[in-house]
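This report sets out the architecture of one protein chain and then turns to selected elements and residues. The structure is shown here for reference.

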Amino acid sequence: MKRTYMMAGNWKMNKTTTEAVVLSQRISNHREDTWGTEVEVVLCPPFIDLKSVRNVLEFDHASIALGAQNVHWADNGAFTGEISPVMLKEVGCSYCIIGHSERREMFGETDETVNRKAKALFAHGIVPILCCGETAQTRDEGKTNEFVCGQIEAGLAGIDASDAGKIVIAYEPIWAIGTGRVPTPEAADEVCGAIRATIASLYSPQLAEGIRILYGGSMKPENAAFFLPMPNIDGGLIGGAALDADSFRDLVNACLV
Ligand code: PGA
C-alpha cells in the first residue's frame, strides 16, 4: 500500500510571532505545487503563533497543515496555562504532537496522559502525532523494540480502529534528537517495522499498513534521502532543520523524488 509521505516541522519553543510569520511566509513562498498531494506538510509552531501562521497559510492557499505541540485532554476548565483541543480545533489545527520525549522527560508526560490526550484529540477531529523513542541506555540494553512498542500500545489503549487508523506515529530515538547522531536507516526502519507489527496485532494488518510512521532525530536534508526510501518510514518529524526555510523545503522535496 502506498502511504502519503508526511514532513512535519516541530518548531519547539522557537520563534516569536513576528519570526513565525516570516518563517511560514518563506516556507510558503518556496513550496511546490505537489505539496499537499504527494507529500503532506505540517507546521507545528508554539501555541501563541498558531493563529498568525494559519493566517499566512490560508492567505497563500498553501496546502500546508497546522499542528500544535501539546494539548490538555479536557475541553475547558481550571487548568491554568493549558490549551484544550477545542481551542486547537478553532484555530485551525489538523494535527497535534503528543508524547514528545522532551515533554515526557521535562514536563511529566506519561503514557497515561498521552493516551488521554490522544482520545481527546480524536474526539475533536484532530489527528495525534504520537511520539515514541528510547534512551541510549535502553538501546544499549537491547530493549528498544520492547520499550517503544510498549509506548505505542499504552498510547493507543481504548482507542477504536476507526480513530487508530488515522494516527501518525513519530519514532524519535532520544539520543538522536538535536545531537547530530542518527541511527542507521536500517536500524530506524527495524523499529518502525516493530511499531507497525504492534499496531497490526492490536488492530489488523490492513490498518497497520495504512499508518504513517515518521522518523525524527537529527533528520536533515543531507541524510533524509537515506531514511525516506526505507519500507516502514513515511516521512519525518523535524526539529532544528525545520527552523530554516531552505532546509525544510529540501526535506519536504526529498519526499517527492
Ligand atoms: P531534531 O528534533 O530534528 O532537532 O533532532 C526532532 C524532534 O525532536 O522532533
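The sections below proceed from the overall fold to single residues.

## Overall form

The model is predicted. Its secondary structure comprises twelve helices and eight strands. With a radius of gyration of 17 Å, against the 18 Å that the globule rule gives for 257 residues, the protein is as compact as a globular protein of that length. The C-alpha trace spans about 45 × 45 × 35 Å along its principal axes.

Of the 257 residues, 53% are buried. Considering contacts between residues at least 6 apart in sequence, 74% join residues at least 24 apart. The accessible surface amounts to about 11300 Å², and carbon and sulfur atoms account for 52% of that surface.

## The barrel

The eight strands form a closed barrel in the order E1-E2-E3-E4-E5-E6-E7-E8, with parallel pairing. From one strand to the next, the twist averages 25 degrees. Helix H7 (residues 144-155) packs on the sheet, where it touches strand E5 (127-132) and strand E6 (168-171). The direction of H7 makes about 155 degrees with that of E5.

Several of the pairings can be described by their bridges. E1 and E2 run parallel and are joined by six bridges; Asn10 stands opposite Cys44 in E2. E2 pairs with strand E3 (residues 64-68) in the parallel sense over three bridges, and the bridge partner of Val41 in E3 is Ile64. E3 and E4, also parallel, are joined by two bridges, with Gly67 opposite Tyr95 in E4.

How many of the six residues of E1 are buried? The count is six of six, and E1 is accordingly described as mostly covered. Tyr5, Met7 and Gly9 point one way from E1, while Met6, Ala8 and Asn10 point the other way. Residues on both sides of E1 are buried.

## Helix H12

Helix H12 covers residues 245-254, and its buried residues are Ala245, Ser247, Phe248, Leu251, Val252 and Asn253. An α-helix has 3.6 residues a turn, so residues three or four places apart point the same way. Which elements cover the buried residues of H12? They include strand E1 (5-10), strand E2 (39-44) and strand E8 (235-238), together with helix H1 (17-29) and helix H11 (221-227).

At the start of H12, a side-chain oxygen of Asp244 lies within 3.2 Å of the backbone nitrogen of Asp246.

## Two buried helix residues

Arg196 is located in helix H9 (residues 185-202). Is Arg196, at 5% relative accessibility, buried or exposed? Arg196 counts as buried because its relative accessibility of 5% falls under the 20% cut-off. The side chain of Arg196 makes a polar contact with the side chain of Asp234, at 2.9 Å. Apart from neighbours within four places in sequence, Arg196 is in contact with Arg3, Ala208, Glu209, Ile211, Ile213, Asn232 and Asp234.

Thr138 belongs to helix H6 (residues 136-140). Its relative accessibility is 14%, so Thr138 also counts as buried. Which residues does Thr138 contact, leaving aside its neighbours within four places in sequence? They are Lys143, Thr144 and Phe147.

## Loop residues with positive phi

Lys12 is found in the loop between E1 and H1, and although Lys12 is not a glycine, its phi is positive, at about 50 degrees.

Ser63 is found in the loop between helix H2 (50-59) and E3. The phi of Ser63 is likewise positive, near 50 degrees, in a residue other than glycine. With a relative accessible area of 48%, Ser63 is partly exposed, because the value lies between the 20% limit for buried residues and the 50% limit for exposed ones.

Key
Residues are numbered from 1 along each chain as its sequence is written. This is a predicted model: local features need pLDDT of at least 70, side-chain atom pairs count only at pLDDT 80 or more; totals for chains, interfaces and linings use all residues. Side-chain values use heavy atoms; hydrogens and water are left out. Helices (H or I, at least four residues) and strands (E, at least two) are DSSP runs, numbered from the N terminus. Buried means under 20% relative accessible area, exposed over 50%, partly exposed in between (1.4 Å probe, protein chains only). Contact means heavy atoms within 4.5 Å. A polar contact is a pair of N or O atoms within 3.5 Å; within protein, one must be able to donate a hydrogen and the other to accept it, and residues adjacent in sequence count only if both atoms are side-chain atoms. Two strands pair if DSSP finds at least two bridges between them. Axes are lines fitted to C-alpha atoms, for helices over the stretch in contact, and angles run from 0 to 180 degrees between N-to-C directions. The radius of gyration is taken over C-alpha atoms; the globule rule is 2.2 Å times the number of residues to the power 0.38. Accessible areas come from the Shrake-Rupley method with a 1.4 Å probe; for residues, only the protein chains shown count as cover.
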